[in-house]
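Visitor: Hello! I have a structure open on my screen and would like to learn how to read it. Could you guide me?

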Amino acid sequence: MKIKNEQRKNEQLEKIALTGLMAALSYVVFTFLQIKIQLPGGDATSIHLGNAVCVLGALLLGGAYGGLGGAIGMAIGDLFDPVYAIYVPKTLLLKMGIGLVTGLIAHRLGHITESHDKGHVLKWTILAAAGGLLFNVIFDPLVSYYYKLLILGKPAADVALVWNIASTSINAVISAVASTAVYMALRPALSKAGLLSSLYHRTRPMA
């Protein structure tokens, strides 16, 4: 019993550490690898790769832990930016959604961690990345519009909506390509080291 409790404690610490790692990566990528576009009224949107980290985390760790790591990292990035600070709740919700949708498709439907068929894995990785980011393309502009409507008023919200749709769509394409490429590149090395299955199954209860 003592050994099992110790094992559970160690696994829980690993889950927290892996989620923290994805959060740190998400923060760095979102904060330092973004092109910010200033909008009228003091608002802004940006082209960035933060969403790619959400997707990559979900592919490696499962939807909940991967999405949570990405969401926390980008929310912290928002918090430290005067322009984006008011959007922290929205960021947490939407980026978590990217992870959950990606994880659902990749692991519940595609079973990419268990598969040894490279074609199968690539197909479901692309579908999972596309599904998670399509969720964001649909709901980010929608939620952002009503969020800004309440905070900034209708004229500012209308202007921001057009830019938000454009930037979110661009981000989705870039993030889908980047996350798929990085996952497929990492997968052979992780598999050879016996870490691919371990990463996912240690976080599987919440995936």
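Guide: Gladly! Keep in mind that this is a predicted model. Let us begin with contacts. Among those in the chain between residues at least 6 apart in sequence, 72% join residues at least 24 apart.

Visitor: How many helices and strands are there in the chain?

Guide: You can count seven helices and two strands. Following the sequence, they come in the pattern α-β-β-α-α-α-α-α-α.

Visitor: What percentage of the residues of the chain count as buried?

Guide: The chain has 207 residues, and 46% of them count as buried, that is, under 20% relative accessible area. As for the accessible surface, the chain has about 10,300 Å², and carbon and sulfur atoms hold 73% of that.

Visitor: Now, how do I look for empty space?

Guide: The general idea is to roll a probe the size of a water molecule over the atoms, which shows where empty space is left. In this model, the largest pocket has a volume of about 170 Å³.

Visitor: Which residues line the largest pocket?

Guide: Find T113, S115, H116, K118 and V121, then M184, R187, P188, S191 and L196. Two elements, α5 (118-151) and α6 (154-192), each give two or more residues to this lining. The largest share comes from α6, with four residues.

Visitor: How do the residues of that lining divide into nonpolar, polar and charged?

Guide: Four are nonpolar, four are polar and two are charged.

Methods:
Residues are numbered from 1 along each chain as its sequence is written. This is a predicted model: local features need pLDDT of at least 70, side-chain atom pairs count only at pLDDT 80 or more; totals for chains, interfaces and linings use all residues. Side-chain values use heavy atoms; hydrogens and water are left out. On a 1 Å grid over the protein atoms alone, a cavity is a set of points where a 1.4 Å probe fits but cannot get out, and a pocket is an open set with protein on both sides within 12 Å along at least five of seven lines; lining residues have an atom within 4 Å of a point. Grid points are joined across faces, edges and corners, and a volume is the space filled by probe spheres set on the points. Ala, Val, Leu, Ile, Met, Phe, Trp, Tyr, Cys and Pro count as nonpolar, Asp, Glu, Lys and Arg as charged, and the others, Gly among them, as polar. Buried means under 20% relative accessible area, exposed over 50%, partly exposed in between (1.4 Å probe, protein chains only). Contact means heavy atoms within 4.5 Å. Accessible areas come from the Shrake-Rupley method with a 1.4 Å probe; for residues, only the protein chains shown count as cover.
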